[in-house]
Amino acid sequence: MNNLIYILLACITSCATAKTVKEPAIAAIPPCLQQKIDSIKAQPQWNPPATVEEYTYHGKRVFLLSAPCCDFFSTVVDEDCNYICAPSGGFTGKGDGKCPNFAAEAEFVKVVWKDER
């Protein structure tokens, strides 16, 4: 019985003094992007549902905002929500022509938000 107590005390001491592993910092959603998301949430749900995806494009963190429907542009903005380009959508489906190789050059990071109402 005494051996069990010593083993439990050793485990408790070991766990209490163990170093914690820090998770990598998660970059926050820029406030202007959160405002865009809140604006979309105030509307009826889009079909297909709205999404915001994060990419690395030409060495910068950018966000792809899906289009509300059909012939609208999907837009790429920077962290300050400055318009960069529309890689897809519009009447031709090919965007505004300012970043025709976005799909090939951009590196997908993650889905930031999807409207799952």
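Predicted model: local features only at pLDDT ≥ 70, side-chain atom pairs only at ≥ 80, totals over all residues.
If the word is new to you, a disulfide is a covalent bond between the sulfur atoms of two cysteines.

**The link between C85 and C99**
- The torsion about the S-S bond of this pair is about 90 degrees, so the disulfide is right-handed.
- C85 lies in strand β4, while C99 sits in the loop between β4 and α3 (102-105), so the bond ties together parts that are 14 residues apart in sequence.

**The link between C32 and C81**
- Here the S to S distance of the disulfide is 2.2 Å.
- Helix α2 holds C32, and the loop between β3 (73-78) and β4 (83-89) holds C81, so this pair connects parts that are 49 residues apart in sequence.
- The link of C32 and C81 is right-handed, with 90 degrees about the S-S bond.
- Are these two cysteines buried or exposed? C32 is buried, and so is C81.

**The link between C69 and C70**
- C69 and C70 form a disulfide too, and their sulfur atoms are 2.2 Å apart.
- C69 has a relative accessible area of 28%, so it counts as partly exposed, because that value falls between the 20% and 50% cut-offs.
- C70 reaches 64% relative accessibility and therefore counts as exposed, since exposed means over 50%.

**How the cysteines pair up**
- What pattern do the disulfides of the protein chain follow when bonded cysteines are counted along the chain? The pattern is 1-4, 2-3, 5-6.

**A proline in a loop**
- Where is P44 placed? You can find P44 in the loop between α2 (31-41) and β1 (51-57).
- Helix α2, on one side of that loop, is also the helix in which C32 lies.
- P44 has 69% relative accessibility, so P44 counts as exposed.
- In sequence, P44 and R117 are 73 residues apart, and in space they are 9.6 Å apart, C-alpha to C-alpha.

Notes
Residues numbered from 1 in each chain as written. Heavy atoms only, no water. Helix = DSSP H or I, 4+ residues; strand = E, 2+ residues; numbered from the N terminus. Buried < 20%, exposed > 50% of the residue type's maximum accessible area, 1.4 Å probe, protein only. Disulfide = S-S within 2.5 Å.
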